[in-house]
Amino acid sequence: ALVEKRLREERKQAEESLRESEERFRATFENAGIGMALVDMQGHPFRSNPILRQMLGYSEEEFSSMIFTEYTHPDDRELGWGLFGDLIAGKYEKYEMEKRFLKKGGGVLWGLLTASLIKGTDGRPVCAVGMVQDITERKWAEAEHVRLVTAIEQSAEAVIITNTSGAIEYVNPAFTRITGYSRAEALGQNPRILKSGKQDLAFYQQLWDTILRGQIWHGELINRRKDGSLYTE
């Protein structure tokens, strides 16, 4: 009788612990600051949290009726489905990827997806949990940076970037073409390597004072190329 009583108490404690664990998971899932979904073995998000529904515009019922590839950008579907298949096959217990999600009302959301496998007490996969962080702004900023760099690299005008001490940190191809200095020769140097001697110290002092105040300097520079010839910019 004592053994049976102890077993009943242990089962009760185990059930209470399981219930508490489920309640903590439910609270975390519902109140998480990132999008979350539970996905079955066929790829249906049968449960989603409010943040994910807000991010993509679908209701929980709509999510559950779709396979996740249906709201994935076509260019990311093959990779996403392959990683998911490897996950449920047990090749790894989680994966991470940047992917594009299709929003219900139109438009694309870039997300950092982390998918993990959830196993039952018998060790077999039960479902997967996907966590999505919105990285759209970062991806657009990266794309804008690439466009800016491309524009500078392809510019017909010489572009020099220095640090606050005046050491050259970047020159574009037009600079090397106009001045005769290679990029390797220019990096780390001071722009004074172009100084022609045709403009006095006060001229350069006013130029640098303007730039260091965060303002835009306008004017003409008479510079000297590597071969000694002069040019104006």
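In the predicted model, strand β1 (residues 35–39) and strand β5 (residues 125–134) run antiparallel and are joined by 5 bridges. Within this pairing, V39 has A128 of β5 as its bridge partner. Helix α4, spanning residues 74–88, packs on the sheet to which these strands belong and touches β1, β3, β4 (108–119) and β5. The direction of α4 makes about 150° with that of β3. A further helix, α5 (residues 136–154), also packs on the sheet, where its contacts are with β3, β4 and β5; the direction of α5 makes about 130° with that of β4.

On the β2 side, β1 is joined to β2 by 3 bridges, and these two strands likewise run antiparallel. V39 takes part here as well, with P45 as its bridge partner in β2. Strands β1 and β2 form a hairpin in which 5 residues lie between them. In the turn of this hairpin, G43 adopts a positive phi of about 95°.

The overall arrangement is an open sheet of 5 strands, with antiparallel pairing and the strand order β2-β1-β5-β4-β3. Its edges are formed by β2 (45–48) and β3 (94–102), each of which pairs on one side only. Neighbouring strands of the sheet are turned by 30° against each other on average, direction ignored.

Terms used:
Residues are numbered from 1 along each chain as its sequence is written. This is a predicted model: local features need pLDDT of at least 70, side-chain atom pairs count only at pLDDT 80 or more; totals for chains, interfaces and linings use all residues. Side-chain values use heavy atoms; hydrogens and water are left out. Two strands pair if DSSP finds at least two bridges between them. Helices (H or I, at least four residues) and strands (E, at least two) are DSSP runs, numbered from the N terminus. Axes are lines fitted to C-alpha atoms, for helices over the stretch in contact, and angles run from 0 to 180 degrees between N-to-C directions. Contact means heavy atoms within 4.5 Å.
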